[in-house]
Amino acid sequence: MLLQVKQASIQFGGLKVIEGLDLELSQGELVGLIGPNGAGKTTAFNLISGIYRPTSGDIRLEGESLLGLKAYEIARRGVVRTFQNIRLFSTLSVVKNIQVSMHSFCSYGLSSALFATGQFRKAEQESRQEAMRLLEFFSLEHLAEDEAGSLPYGVQRKIEIMRALAGRPKLLLLDEPAAGLNHSETVVLMELIQKIRREFNVAVLLIEHDMKLVMGICERIVVLDHGTVIAQGRPTEIQGNKKVIEAYLGVEEDAI
Amino acid sequence: MISWRGWAIVVTVALTFSGAGHLFLNAYLQQILFYIGINIILAVSLNLVNGFCGQFSLGHAGFMAIGAYVSALVSLNFTLLQGPLAFLNFPLFALLGGLGGAIAGWAVGLPSLRLRGDYLAIVTLGFGEIIRVVLLNLEVVGGARGLYGIPGDTGFVACLHIYLWAGATVLCIWQLLQSSYGRAFLSVREDEVAAECMGINTTRTKVTAFVISSFFAGVAGSLFAHTTNSLNPASFQFVKSVDVVIMVVLGGSGSVTGSVVGAILVTVLPEALRPLQAWTGVDVRMVIYSLLLILMMILRPAGLFGGRELSQLKWWRRNAPTS
Amino acid sequence: MEELGQHILNGLNLGAIYALIALGYTMVYGVLQLINFAHSEVYMVGAFAAYYGAAQFQLADNPGWVAFGLTLAMAIVVCSILGLCIERFAYRPLRNSPKVNTLITAIGVSLFLQFTGQVVFGADPKLFPEVLQDRALFTYGAIQVQMFDVTIFVVSIAAMLGLNWFIHHSKTGMAIRAVSFSFRSATLMGINVNRTIMITFAIGSALAGVGAVLVGLKYPKIDPLMGMLFGLKAFVAAVLGGIGNLHGAVIGGLLMGLCEQIVVAYLSSTYRDALAFGLLIFVLLVRPSGIMGKTHVEKV
């Protein structure tokens, strides 16, 4: 069991945004997290990635509790995410954006950097090669030196994913990766996510509104509404689930 | 095995400047050359924190003060090396000054750097002033009178010493910025939350930048002490920190080249203004500088070089020898 | 014991003036999230406006409530206009820039006014005109209450109460509160954000002018650098109370005045000024939101 979220709750002041969240992921699983707007999906990501601390409950990665750890510590343990509103390092080049995630694996110290030793130069070369390999995987190596903030939206989304993968995650959290993409771009993304899962041996938990993508690639789906899980299961099970339909579309008038 | 090319350039430039200065400039202009070198160290080191790491510090003068006083006190009370190695004394004092600055930077940075933008600015301003007020009231460092008779090199050797340090500052910080640590600084500047989520210990990164920056500020302080041969807390007021901020802003935050140019301009400008000052009879330097600050922020906040270095300017790329 | 009483009285008096200046800082921070470094210089200019104005109309020759009122009026007018100019020409162009740019500009304006003041007014201290005459009003044991003390107290409290009423019971006051929550929402509700910000600056600066006249009466030595230290202490008071919070500014101001008085009386006057910095750092490191402030969570 890779990730275990047990009865996690968080409230801001009087508002309970998430209540009693139970979520599990195994190694290499591809799980979708869906729910109407305001259900708390991104907040769930914020809890898992350590930006917020749950007010109760536990979150465990490979059996060890993540509570109280800072976000960067959780990232170093293997939980890396992308953001709903893209948060790239805009003025940095694409390849530098990717290399930032590799800082925690940096094999040289400050003095090596200050004096540009041989060890530093060798490590930098390797780091750049690793970043370029990622770019090649995404067929974007021609954009390596471009300023990240100047690139089109769809490309920026991919850069975010590359940046996350560079952190060598065990669990990849994708927050609405298909937002703003058209039909054909979404299909490409679907293939890409599955390819990533295979090649990088990483579990993926993704938030999405695009049902075609979710139903198309997710092995399992968790449905959130008003901060709690209302359904979990395979795509076919979720599609017909009455509670899920009600959560998205509301209850029929004469049914009340 | 360090990269020798950079150091070769540093030594060559330092020798050239010092030699030319010694041969062609009178004592007064040589003094200005000294100050240019010291200001380059101050500006480049401040830019590391303000420009590259995105943390607005207003207390640089405080770390310079500590470096200056530590260095001065050691040189007044101890003789470190004698005989053939005696020429290493002043570099050693500078190192000690830098160490003093670094320790102070660590002490100030650790609690302060978790504060955001304007709060950090105020806290660093506060610390800078507290350092000054403490020095003002400490009798062992001379209080308001300050310290006198601080030993110092003169002429060619002093100039060489200063420019070797200036070159070292530029080279080391430049190399640091090309490293993973440099990327960490930049990521903190761009988006702290995203940086945290990518595994960057943002607090530690900020403190690292701060400590390195205050080390060099301390070195600059030491060089200042041994150039002016007397120290006084009045030299390290808030206005001094603003001076360095002006150098950084004018040259362009986030550009090492910019800081160097900014330092040169800000040092040289008052001298060019001396005739005006003599004519009006008042100190117009700060009036013009403050106006410059305001206008720059409104009209060209990126400064002269923006975030770019000399190597990135289009005309340089076209005309410079390929590396 | 009665000596303590005198110190408390003096402290509250000083604190009332700090509160007046602190209100200016806090109001601007509330609407713009900007530390208005130049506020202390607006205060300084107010003192000099009163000085030159009183000299122009020879108000010191006929001290009394009329002279005092006219001096106040002049300071208020000059300060408001200066505050409006600063907002319009230095801060407004930077409304959409990163906050640090505006901070740098604020420092620039502050220094510009200080040094220009030195050039224009001369660096030597001047004597504030005696537009009101002091006298002992009554004594309670060893505590002596001067007329100036009462005047300062009454004027400050009146100004603060007036502001409080204005902010909480007038339409413009509500607009100011709305803008301090969110520009966009305020605009969507039909509030003219620019006008509201202008009014905020005008009021804050006017209060600084009032404070300047009151300070000038009690501590008649004025010089172009007087704003720096006094303004800093008022700023610390605002932070202490919770920057952005009006009641906090008042509480912070009174506390600041009391602390300073006690430190000077019972500890040492050398470290009086360091107290301000020490207090500032202490507050920012331990409880940055101040006494009345609320910590806010960043939305990711």
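Colleague: Where is the place of C:Gln58 in chain C?
Modeller: This is a predicted model. In chain C, helix H2 covers 39-56 and helix H3 covers 65-91. The place of C:Gln58 is in the loop between helix H2 and helix H3.

Colleague: What is the phi of C:Gln58?
Modeller: Most residues other than glycine have a negative phi. C:Gln58 is not a glycine, yet its phi is positive. The value is about 50°.

Colleague: Is C:Gln58 buried or exposed?
Modeller: Exposed means over 50% relative accessible area. C:Gln58 has 53% relative accessibility, so it counts as exposed.

Colleague: Which loop of chain A holds A:Ser139?
Modeller: A:Ser139 is not a glycine, but it has a positive phi of about 55°. Helix H5 (118-137) lies on one side of its loop. The loop is the one between helix H5 and helix H6 (153-165) of chain A.

Colleague: What is the order of the strands in the open sheet of chain A?
Modeller: The sheet has four strands, and the pairing is antiparallel. Its edge strands are strand S2 (15-25) and strand S5 (64-65), and each pairs on one side only. The order is S2-S1-S4-S5.

Colleague: Which residue stands opposite A:Ser9?
Modeller: Strands of a sheet pair through backbone hydrogen bonds. Strand S1 (residues 3-12) and strand S4 (residues 56-61) of chain A pair in the antiparallel sense over five bridges. The residue opposite A:Ser9 is in S4(A), and it is A:Ser56.

Colleague: How many salt bridges does a search of the whole structure find?
Modeller: A salt bridge needs a side-chain nitrogen of Lys or Arg within 4 Å of a carboxyl oxygen of Asp or Glu. The search runs over all chains. The total is 23.

Colleague: How many residues apart are A:Asp175 and A:Arg81?
Modeller: Their side chains meet in a salt bridge, at 3.7 Å from N to O. A:Asp175 is in strand S7 (residues 171-175) of chain A, and A:Arg81 is in strand S6 (residues 79-81) of chain A. The pair links distant parts of the chain, and the separation is 94 residues.

Colleague: What is the relative accessible area of A:Asp175?
Modeller: Buried means under 20% relative accessible area. A:Arg81 is buried, with 2%. A:Asp175 is buried too, and its value is 0%.

Colleague: Why does the pair of C:Lys218 and C:Asp149 tie together separate parts of chain C?
Modeller: C:Lys218 forms a salt bridge with C:Asp149, the closest N and O atoms being 2.5 Å apart. C:Lys218 lies in helix H8 (residues 193-218) and C:Asp149 in helix H5 (residues 147-169), so the joined parts are 69 residues apart in sequence.

Colleague: Is C:Asp149 buried or exposed?
Modeller: C:Lys218 is partly exposed, with a relative accessible area of 27%. For C:Asp149 the relative accessibility is 4%. The cut-off for buried is under 20%, so C:Asp149 counts as buried.

Colleague: Which helix of chain C holds C:Lys233?
Modeller: The side chains of C:Glu260 and C:Lys233 meet in a salt bridge, at 3.5 Å from N to O. C:Glu260 lies in helix H10 (residues 246-266), and the pair ties together parts that are 27 residues apart in sequence. Both C:Glu260 and C:Lys233 are buried. The helix of C:Lys233 is H9 (residues 226-241).

Colleague: How many helices does chain B have?
Modeller: Chain B has zero strands. Read along the sequence, its pattern is α-α-α-α-α-α-α-α-α-α-α-α-α. The number of helices is 13.

Colleague: What is the radius of gyration of chain B?
Modeller: The globule rule gives 20 Å for 323 residues. Chain B comes close to that, so it is as compact as a globular protein of that length. Its radius of gyration is 19 Å.

Colleague: Which residues is B:Thr202 in contact with, leaving aside neighbours within four places in sequence?
Modeller: B:Thr202 is found in helix H9 (residues 202-228) of chain B. B:Thr202 is buried, with a relative accessible area of 3%. Its contacts are B:Val188, B:Glu192, B:Ala195 and B:Glu196.

Methods. Residues are numbered from 1 along each chain as its sequence is written. Chains are lettered from A and ligands numbered from 1 in the order in which they are written. This is a predicted model: local features need pLDDT of at least 70, side-chain atom pairs count only at pLDDT 80 or more; totals for chains, interfaces and linings use all residues. Side-chain values use heavy atoms; hydrogens and water are left out. Helices (H or I, at least four residues) and strands (E, at least two) are DSSP runs, numbered from the N terminus. The radius of gyration is taken over C-alpha atoms; the globule rule is 2.2 Å times the number of residues to the power 0.38. Two strands pair if DSSP finds at least two bridges between them. Buried means under 20% relative accessible area, exposed over 50%, partly exposed in between (1.4 Å probe, protein chains only). Contact means heavy atoms within 4.5 Å.
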